[in-house]
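Student: I'm new to this one and would like a close look at a single part: the place where the two chains meet. Could you walk me through it slowly?

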Amino acid sequence: MPIDFPTRGRKPSPGAGISSVGLSARPGTILLSALFLAVFLLSGCAAMNGLRDGSAPLEVHPETSLERNVFPVVKGGDVVGRLAVVRVEKGDTLPDIARHFSLGVNALGAANPGVDMWLPKAGECVTLPLRFILPDAPRKGIVINLASMRLFHYRGDKRSPVVATYPVGVGTDERPTPTGQMRVVRKVTRPTWYVPASIAEDHRKKGDILPPAVLPGPLNPLGEHALYLSRSTYLIHGTNKPASIGLNATNGCLRLYPEDVKRLYEGTPVNTPVCIVDQPYLVGQRNGIVYLEVHASAEDTDAGELKKMYGKLKAIEKKTGRAFDREKIDKVLAEARGVPVPIFETEQGRWVEQTIEVRHPDKLSGRPEMPELKTGAWYVWAADLDDRTEALRLAAIINHQGPQIPARVLSKGSGYRVVAGPFKDAGEARGAAGRLKFDLEIDGVIIEPSLGK
Amino acid sequence: MKRIFLGVSLVLFLALALGGCATTGDLEQVQAQGKVIDAKADQAIQDAQAAKASANEAQAKADAAAARAEEAVKKAEAREQVAAEKEERAQALFQKSMKK
């Protein structure tokens, strides 16, 4: 019997509500339950992880009303967007929530310490860190802050400038993304990926022979759009691994979600300047409030950036004639949640900017689909595990591979079995088994279709 | 005068004679009370000893429960540690799988 595996955002089934018979039978119990539920629901998001602004109960908004990407840029202001929270539903994962709200998984994880990336608890409130401090760089063309793993595209005319911002995946420690000033030299839709020798060698060592070029399609890691930069071999491109956005996972290129790179591609002409910076400490002001945003990558950054941050804060102190609360600054530095935290009001009474709660969407966009089990299909056994959590986590990770490998958990005696599939033929099953081996070090076993089906 | 003296002496004699009888009764009563008190003391000592034994037993039970709780906490911590390590390993593997 299959155990409950994460499913799409389900609506309540007909008749699942409280019946009139139930109400007349035990009105007291139902009223009490309703009261407890209301208290739980109200307190859930109120007692979050300390990031929300204000203490009043959160206003609940439709999620579609929450702007994720495009914000007006106000003169003299360097903070855009707002914080929001959403309540987790059964079967959600942080990568799914991140993609739906155009956030990187790193940003969502850092803003919600202690929340399981793959198995967050239903009903748990997660903060959507959709408030950003613009990097300290000229507001022209594309600016990418490697520390926040976010791209800022300045657009619009001088009268009404706007910034479109998207999360990105960046290079690893071994193959970092270079910083500096560059420009877009060409744009290509459905690009072919010419496999760099270093990557071909990495794969060859693990017994995976890559072709010299990968044509457009689901196996092409560049996705559907690519912006080639003046710094040779570096690109801003899409991806076939959307769950990698917000991770140090590239060979120096910059990856965006497919839907984001499409918009960036359409709005970016050739010769657009591209400035790549690495600023883990960001200081910004909006409406008389000073914000400080610190990213975890700050640990690896030289002291110069920290010195620069203190310099900015001292300048504000001098200008206002009032001192900052050092403890508050130390706390933001220690927590490094990557969220702009209000640390100071330059004018009295400006303190609170309200966090909002957004309703969970019916469906998280881009979430991997789960095909139904078919007796006549091919499968790949991935693992037998005693621990249900471990099994569900493994299935979720397999499901979020790019391209997706559907996987689910089946109960097996007192344990749990993780099975990938269904696959339409032996070739597809072998391909999936090969990817499980190469990417996740799983020695899968191919399961043939049942005879006679 | 002699008569008065004699009368007083008689009264005193009678008082002394009667008083002597009361002291004997009192003695018996005291003895009886002593026995009661003695029995009560024995009972109290027994009760105290029983209470002490019971308290010792309760303390031993509490100590055992505390030890069990400590053991359970240690086990839970160990389980949490293992779970955290598993989660970390899974995450590291996932991150690696997201490379080209």
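Tutor: Let's start with one term: two residues are in contact when they have heavy atoms within 4.5 Å of each other. Keep in mind too that this is a predicted model. Chain A averages a pLDDT of 88, with 85% of the residues scoring at least 70. Over residues 1-27 of chain A, though, the pLDDT is below 50, even though that stretch has 39 contacts in the model beyond near neighbours in sequence. Residues 37-42 of chain A also stay under 50, and there the model has one contact beyond four places in sequence. Where pLDDT is low, the predicted coordinates should not be read in detail.

Now to the meeting place. On one side, 12 residues of chain B are in contact with 30 residues of chain A. About 1,800 Å² is buried between the two chains, and carbon and sulfur atoms give 56% of that area. Three residues, Phe94(B), Met98(B) and Lys100(B), supply 44% of the area that chain B buries against chain A, more than any other three residues.

Let's zoom in on Lys100(B). You'll find Lys100(B) in the segment after helix 1 (2-97) of chain B. What does Lys100(B) touch? Leaving out residues up to four places away in sequence, its contacts are Trp193(A), Ile199(A), His203(A), Pro221(A), Leu222(A), His237(A), Ala249(A), Asn251(A), Cys253(A) and Arg255(A). Lys100(B) is buried and yet has no salt bridge. Asp202(A), the nearest side chain of opposite charge, is 11 Å away. A salt bridge here needs a nitrogen within 4 Å of a carboxyl oxygen.

Other residues do pair up across the interface, where the rule finds three salt bridges. In general, side chains of opposite charge can pair when their charged atoms come close. One of these bridges joins Arg393(A) to Glu87(B), with the closest N and O atoms 3.8 Å apart. How exposed or buried are the two partners? Arg393(A) is buried, with a relative accessible area of 6%, whereas Glu87(B) is partly exposed at 28%.

For some context, let's step back into chain A. Its secondary structure comes to 10 helices and 24 strands, and buried residues make up 49% of its 453 residues. Helix 6 (residues 258-267) is a handy example: Asp260(A), Val261(A), Leu264(A) and Tyr265(A) are buried there. Seen down the helix axis, the buried residues fall within an arc of 135°, so they line one face of helix 6. Among the elements covering them are strand 6 (150-155) and strand 7 (162-167) of chain A.

His153(A) lies in strand 6 and is itself buried, with a relative accessible area of 3%. Its contacts include Leu264(A) of chain A, along with Gly267(A) and Thr268(A).

Asp260(A) is buried at 2% relative accessible area, while Arg263(A) is partly exposed at 36%. So what should you look at in the picture? Go back to Lys100(B), buried without a salt bridge, and then find Arg393(A) and Glu87(B), which do form one.

Terms used. Residues numbered from 1 in each chain as written. Chains lettered and ligands numbered in written order. Predicted model: local features only at pLDDT ≥ 70, side-chain atom pairs only at ≥ 80, totals over all residues. Heavy atoms only, no water. pLDDT = per-residue confidence, 0-100. Helix = DSSP H or I, 4+ residues; strand = E, 2+ residues; numbered from the N terminus. Buried < 20%, exposed > 50% of the residue type's maximum accessible area, 1.4 Å probe, protein only. Lys, Arg positive; Asp, Glu negative; His and termini not counted. Arc of directions from axis to C-beta. Buried area = accessible area lost by both parts, 1.4 Å probe.
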